[in-house]
Amino acid sequence: MTEARGSAAPPARHTPGTPCWVSLMVHGMAATQEFYGSLFGWEFVPGPQQLGPYVRALLGGQEVAGIGQLPPDRHLPVAWTPYLASDDIELTAETVRLCGGTVGVGPLDAGDAGRLVIGSDPAGAVFGVWQAAAHLGTSVAGVPGTPAWHELLTFETVSVAKFYETVFGYEEEPVVSADFDYVTLHAGGRPVAGLHGVGHTLPRDRGPHWMTYFEVADATDSTRLLTDLGGHVLRPPQDSPHGRVATVADPEGARFALIENPR
């Protein structure tokens with residue numbers, strides 16, 4: 001990952017292409033809310049119900065993320081999905097298709113909150129698109145319990161970077177290295193997401209996928225708490241240039257990362 005610490009007050013409307021929301025679809029809503037509420041201190045309020053039961057997570061009264069109910073007959077991977085901001089979701093959806101991606105849901109109205117699309121890139125990684133109306137997206141950043149970074153784990157970055165740049169207008173900053181395939185995507189002049197090509201080390205049961213990093217005050221304490229709550233530590237906390245990072249999964253198997261930023 002790369003440096004991406006935001007301010008405590010993100011812009012009122014997110015620059016197109018910026019990750020503006022993150023959402024999780026699960027089988028057990030009550031148990032999932034209990035898990036993340038205990039882990040991150042989130043509270044929950046009802047959200048739009050167009051895709052079934054859905055709640056918004058709040059931290060200190062400010063919106064952070066969403067959790068929805070998967071239909072009982074849908075056996076989809078349980079995963080955190082980032083939503084990328086768009087000012088014209090119809091155009092974005094059409095560009096996704098023209099560039100070799102797939103639109104699985106939408107464009108769809110979510111009440112007066114806005115409009116959404118759920119799609120996948122040509123390598124199969126699922127992402128969302130959000131055109132804000134009343135709901136602008138995540139409204140707090142830079143404190144424990146909030147999304148800190150979004151990173152795509154994929155086979156290689158060259159072709160997939162062209163897809164995201166064409167669809168969302170990103171500028172890219174590749175890492176020049178013979179053995180490290182990484183591209184940082186910039187929107188509005190700042191880094192907003194990363195693409196990490198990891199070849200055949202991708203988990204076979206996952207394939208290419210987006211990973212959300214959530215900020216925590218202490219990665220070691222948070223992984224210990226996560227385990228006590230029924231989660232799983234996939235990679236214990238390790239030092240990196242951007243802080244201590246752990247890769248974990250919730251009780252339903254949704255993978256995410258915890259990052260303790262250096263102070």
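This is a predicted model: local features need pLDDT of at least 70, side-chain atom pairs count only at pLDDT 80 or more; totals for chains, interfaces and linings use all residues.
How much volume does the largest pocket have?

**View 1. The largest pocket has a volume of about 710 Å³.** Of the 28 residues that line this pocket, Leu 76, Pro 77, Thr 81, Ile 118 and Val 126 are the closest to its centre. Strands E1 (19-26), E5 (80-85), E6 (102-109), E7 (114-120) and E13 (209-215) each give two or more residues to the lining, and the largest share, four residues, comes from E6. By class, the lining has 16 nonpolar, nine polar and three charged residues.

Residues are numbered from 1 along each chain as its sequence is written, and side-chain values use heavy atoms, with hydrogens and water left out. On a 1 Å grid over the protein atoms alone, a pocket is an open set of points with protein on both sides within 12 Å along at least five of seven lines, a cavity is a set where a 1.4 Å probe fits but cannot get out, and lining residues have an atom within 4 Å of a point. Grid points are joined across faces, edges and corners, and a volume is the space filled by probe spheres set on them. Helices (H or I, at least four residues) and strands (E, at least two) are DSSP runs, numbered from the N terminus. Nonpolar covers Ala, Val, Leu, Ile, Met, Phe, Trp, Tyr, Cys and Pro; charged covers Asp, Glu, Lys and Arg; the others, Gly among them, are polar.

**View 2. The second largest pocket has a volume of about 600 Å³.** Among its 24 lining residues, Glu 151, Leu 153, Tyr 213, Arg 235 and Thr 247 are the closest to the centre. At least two lining residues come from each of E9 (147-154), E13, E14 (232-240), E15 (243-249) and E16 (255-260). E14 supplies the largest share, five residues.

**View 3. His 209 is found in strand E13.** A polar atom of its side chain lies 2.8 Å from the backbone oxygen of Gly 207. Leaving aside residues up to four places away in sequence, His 209 touches Ala 125, Glu 151, Leu 152, Leu 153, Leu 202 and Pro 203 (contact means heavy atoms within 4.5 Å).

**View 4. About 200 Å³ of space lies in the largest cavity.** The structure holds three cavities of 30 Å³ or more. Of the 18 residues lining the largest cavity, Leu 51, Tyr 54, Ala 110, Leu 116 and Trp 130 lie nearest its centre. E1 gives the most to this lining, with three residues.

**View 5. Met 25 sits in strand E1.** With 25% relative accessibility, Met 25 counts as partly exposed. Not counting residues up to four places away in sequence, Met 25 touches Leu 51, Gly 68, Gln 69, Leu 70, Val 78 and Ala 79. Met 25 and Leu 229 are 204 residues apart in sequence and 19 Å apart in space, C-alpha to C-alpha.

Key
A polar contact is a pair of N or O atoms within 3.5 Å; within protein, one must be able to donate a hydrogen and the other to accept it, and residues adjacent in sequence count only if both atoms are side-chain atoms. Buried means under 20% relative accessible area, exposed over 50%, partly exposed in between (1.4 Å probe, protein chains only).
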